[in-house]
Amino acid sequence: MARSSLLLYYFSGSGSGSGSGSFRNFFFFIPTTLALTTSLFILFYISTTSNLFTHYHPPDPSFLGLNSPFGSSTFSPLTRQTVPISFHNHSQTPFQLQVPQIVHLGEGGFGSQRPLEPRFPPDDHGNYVNYNKVYHDRDIFEEDYKEMNTSFKIYVYPHRRNDPFANVLLPVGSEPGGNYASESYFKKVLMSSHFITKDPTKADLFFLPFSIARLRHDPRIGVGGIQDFIKDYILNISQKYPYWNRTGGANHFYVACHSIGRSAMDKAKEVKFNAIQVVCSSTYFQPGYIAHKDACLPQIWPRQGVLPKLSSSNRKKLAFFAGKINSPVREKLLQVWRNDTEIFAHFGRLTTPYADELLGSKFCLHVKGFEVNTARIADSLYYGCVPVIIADYYDLPFADILNWKSFSINVATLDIPLLKKILKRFSFEEYLMLQGNALKARKHFQWHLSPVDYDAFYMVMYELWLRRSSIRLPLNAFVHPN
């Protein structure tokens, strides 16, 4: 009762001149309380998503299995599931298609939206993961790979050599090059591979052969005209052929490495929501990329010839990065580490060969720029440098197959100030295990004009094979657009 009386007195304004002062105090109290509550929520979020408030406990050495390169796996196995996915079509009537998927059941593995933990401690359930395994399940992968290699068929919509847009629709005549060569390499190798069928009734998937990179540079189209070109292309094939309309494009795919490919589909929503998008800019933070339906195309700078001799490399630097400052993440990296004597963070042109810097560093940093993807992961693996991935929400290449924790380190952008501490947690033996696994994974990040088993081409084909569908709907399931 006394407490109620006190509150009534506080709000009643009793006493001379006390009313206005009490209300001023009351309205000052509200924003102060909200500010304190918000601060507590922010601190709670940081404590649960960052390493700022955690203490690292080194693992039991017996877990490392250094004497057994293929020790027993302790993480969850892969399992096949059938996933219902809703699709859009010209008639605006959605339907569901059962698509077989490979889903990794382990915490933080394939299917998880959280970035991989950047170190070796146990998972959230206290279980140690066997980081000695480069693959989630090598036996399943090799068994499925053989089936894919013998039975998987792709139909490519035909185009004549004298087509006005043959330069956009047909493979490049010369050897692909440049930062976005992965797109051209894939198409060129695919078109001469045994996966191609001339009989569309035998096809598992249908390839949309337009090149985003070439559309971008074609003066008749350019960046501003790509969306209309794609829209018209889909309209034409849906009217000329029955295959698109059978599934609303769900058994179709395209390949693009330039980031403009994401916005290129804005006027062709069926492609974005239904078709398989094999793209380098594979971030599930931005709209347009749908993890598990779409797949990551690794961005790889083409290199031919003999692999570098790593035995002669002298890795005195702890970590290395060089690149443009085109994102807040890179700005933060340089702000913290620019003048460090162990972490070499450069911007602008290097005074030493890029290859020498990679060969001279234990860890090589892949830092998000304008997009999550760059060629630095493949560069790191090529030169035997352990990749450190600082790019939140990056759906990493071949994550269905590869255990990225076994050969790379993932650091949240929030933890850039702790980068040196994180990297120095690894003993020399642990580093050698990471590097050895990186060398095992290296073959999956190389292009060849004549494809080699398990190279980048075959790995992308395997990702597509996982996403194929055996469902065929009747032709009247869709209405042709007007």
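Tutor: The conversation below covers the model, a sheet, the nonpolar cores and the salt bridges.

Student: What kind of model is this, and which residues count for local features?

Tutor: It is a predicted model, in which local features need pLDDT of at least 70, side-chain atom pairs count only at pLDDT 80 or more, and totals for chains, interfaces and linings use all residues. Residues are numbered from 1 along each chain as its sequence is written, and side-chain values use heavy atoms, leaving out hydrogens and water.

Student: What is the strand order in the open sheet?

Tutor: The five strands run E9-E8-E10-E11-E12 with parallel pairing. Strands are DSSP runs of E with at least two residues, helices are runs of H or I with at least four, and both are numbered from the N terminus; two strands pair if DSSP finds at least two bridges between them.

Student: Which strands are at the edges?

Tutor: Strand E9 (343-347) and strand E12 (409-410) are the edge strands, each pairing on one side only. Elsewhere in the sheet, E10 (residues 361-367) and E11 (residues 386-390) pair over five bridges, with valine 367 opposite isoleucine 390.

Student: Changing topic, how many residues are in the largest nonpolar core?

Tutor: It has 53 residues, and Phe186, Leu190, Phe253, Leu402, Met461 and Leu464 have the most contacts inside it. Such a core is a set of buried Ala, Val, Leu, Ile, Met, Phe, Trp, Tyr and Cys residues joined through side-chain atoms within 4.5 Å, where buried means under 20% relative accessible area, exposed over 50% and partly exposed in between (1.4 Å probe, protein chains only).

Student: Which helix gives the most to it?

Tutor: Helix H16 (residues 456-466) does, with 10 residues.

Student: And how many salt bridges are there?

Tutor: The whole structure has 12, a salt bridge being a side-chain nitrogen of Lys or Arg within 4 Å of a carboxyl oxygen of Asp or Glu. One of them joins lysine 420 to aspartate 340, with the closest N and O atoms 2.8 Å apart. Lysine 420 lies in helix H14 (residues 419-423) and aspartate 340 in the loop between H11 and E9, so this pair ties together parts 80 residues apart in sequence.

Student: Is lysine 420 buried or exposed?

Tutor: Lysine 420 counts as buried because its relative accessibility is 17%. Aspartate 340 is also buried, at 18%.

Student: Which residues are linked with them in a network?

Tutor: Asp340 and Lys420 are linked with Glu342 and Lys424 in a network of salt bridges. Glutamate 342 and lysine 424 meet at 2.9 Å, N to O.
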